[in-house]
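Hi there,

Here is the structure I promised to pass on. Have a look at it first, and my notes follow below.

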Amino acid sequence: MAELRGELASRPPEEQALTWYDPDQTVGFWARRMALETAVHRVDAELAAGEPIMPIPADLAVDGIDEILVTFLAFASRQWPEDFGDALAGADGRAVSITTGANGWLVRLAASGVEVAGDDAPGEASISGAPHDVLRFAWCCEFLGAANFLVLRWTGRGLASRLVGRRRRLPGGADRTM
């Protein structure tokens, strides 16, 4: 880990570096990716050890939510649609609003892919809470399959389909209404 930190710290964030995410080909992409990966796996380790979960700093958690939505969903659903199988085929444009503090995203599912806008407009479903809690919810659901929790909501499979019409309390007091 020290070697990775040293390598990232020795280079300016805007320096060119190859990545799998076409819009960002910089060292900064990798610094962001590694910070988020480390934070999420730290939470995994705390859960596995039965230790209290330390919050992920709000700015890092908001960045993580944005990464999941913009990079892992919107970009990936268009770049590698085969990874989403038929999950988007029947998508009819309904949207989920995701908010945490002053940050909001409107996520719309379409047969052509997932669309994400930095917007706090209401959707047909909503997810809101503290940045740490929303990130944990989004990240955990992301591992239910490549189609993520937003796609699962409309395909009738997985966690989100069981939450339709219910209001639930997320760990730490975050609400989700679907």
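**Aromatic rings and the core**

Phe29 is buried, at a relative accessible area of 1% (buried means under 20%, exposed over 50%, partly exposed in between, with a 1.4 Å probe and protein chains only). Before you read on, this is a predicted model, where local features need pLDDT of at least 70, side-chain atom pairs count only at pLDDT 80 or more, and totals for chains, interfaces and linings use all residues. Residues are numbered from 1 along each chain as its sequence is written, and side-chain values use heavy atoms, leaving out hydrogens and water.

Phe29 forms an edge-to-face aromatic pair with Trp20, 5.7 Å centre to centre and 85 degrees between the planes. (Rings of Phe, Tyr and Trp, the last by its six-membered ring, pair if their centres lie within 6.5 Å; planes under 30 degrees apart are stacked, over 60 edge-to-face, the rest tilted.) Trp20 is partly exposed, at 31%. Trp20 also stacks with Phe72, at 5.9 Å and 20 degrees. Trp20 lies in the loop between helix 1 (2–9) and helix 2 and Phe72 in helix 3, so this pair ties together parts 52 residues apart in sequence (helices are DSSP runs of H or I, at least four residues, and strands of E, at least two, numbered from the N terminus).

In the largest nonpolar core, which has 27 residues, Ile65, Leu69, Ile98 and Trp105 touch the most other members (such a core is a set of buried Ala, Val, Leu, Ile, Met, Phe, Trp, Tyr and Cys residues joined through side-chain atoms within 4.5 Å). Helix 3 gives the largest share, eight residues.

Enjoy exploring!
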